[in-house]
Amino acid sequence: MSDSYDDQNIFAKILRGEIPSFKVYEDDETYCFMDIMPRTEGHCLVIPKTPCRNMLDATPEQLAACMRTVNIVANAAKTAFDADGVTLFQFNEAAGGQEVFHLHFHIHPRHEGITIRPPGTMGDMDVIKANADRIIAALP
Ligand code: 5GP
């Protein structure tokens, strides 16, 4: 298995506009969009615009930029879904649970007593779009 960055990964294609995504937020260094297999209502992803596989090869600048955006979007998502909390997931390499090899942070709005759904089920695109709009409306 190679541990170099592959610019044909799905998130690199999203960044280049080669495949569509439901954008939530972006700044010069990061992009946030909805996960199409959501495990919670409002599940979205924050990625750096510059290449790196995951947290292990990321620069301090990439990590800091992502965390700035995570903080902004997580607060908006908590407000948008009237959530009790937020869970952040971040996986590194296949053995660590990573499937897409471009650094990303999962934002999950959480409600007391409701578990995170298992991975791998495609969401309803109309619901995902509506959820993106809810988060956008709650952004500062
Ligand atoms: P990982 O296990 O690598 O942290 O998670 C990758 C995430 O990317 C999964 O939650 C999966 O649902 C999501 N994903 C995979 N393909 C696509 C896609 O084409 N578009 C979007 N928006 N998300 C994707």
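## Gln98 and its contacts

The side chain of Gln98 reaches the backbone oxygen of Val100 at 2.8 Å. A polar atom of that Gln98 side chain also lies 2.8 Å from the backbone oxygen of Arg53. Polar contacts here are pairs of N or O atoms within 3.5 Å; within protein, one must be able to donate a hydrogen and the other to accept it, and residues adjacent in sequence count only if both atoms are side-chain atoms.

Gln98 sits in the loop between β4 (85-89) and β5 (105-110). Gln98 counts as buried because its relative accessibility is 4% (buried means under 20%, exposed over 50%, partly exposed in between, with a 1.4 Å probe and protein chains only).

## Basis of the model

This is a predicted model, where local features need pLDDT of at least 70, side-chain atom pairs count only at pLDDT 80 or more, and totals for chains, interfaces and linings use all residues. Residues are numbered from 1 along each chain as its sequence is written, and side-chain values use heavy atoms, without hydrogens and water.

A ligand oxygen is 2.6 Å from an N or O atom in the His104 side chain. The His106 side chain has an N or O atom 2.7 Å from a ligand oxygen. Glu99 uses its backbone: an N or O atom there lies 2.7 Å from an oxygen of the ligand.

## The shell around the ligand

The shell residues divide into nine nonpolar, four polar and two charged (Ala, Val, Leu, Ile, Met, Phe, Trp, Tyr, Cys and Pro count as nonpolar, Asp, Glu, Lys and Arg as charged, the others, Gly among them, as polar).

Technical notes:
Helix = DSSP H or I, 4+ residues; strand = E, 2+ residues; numbered from the N terminus.
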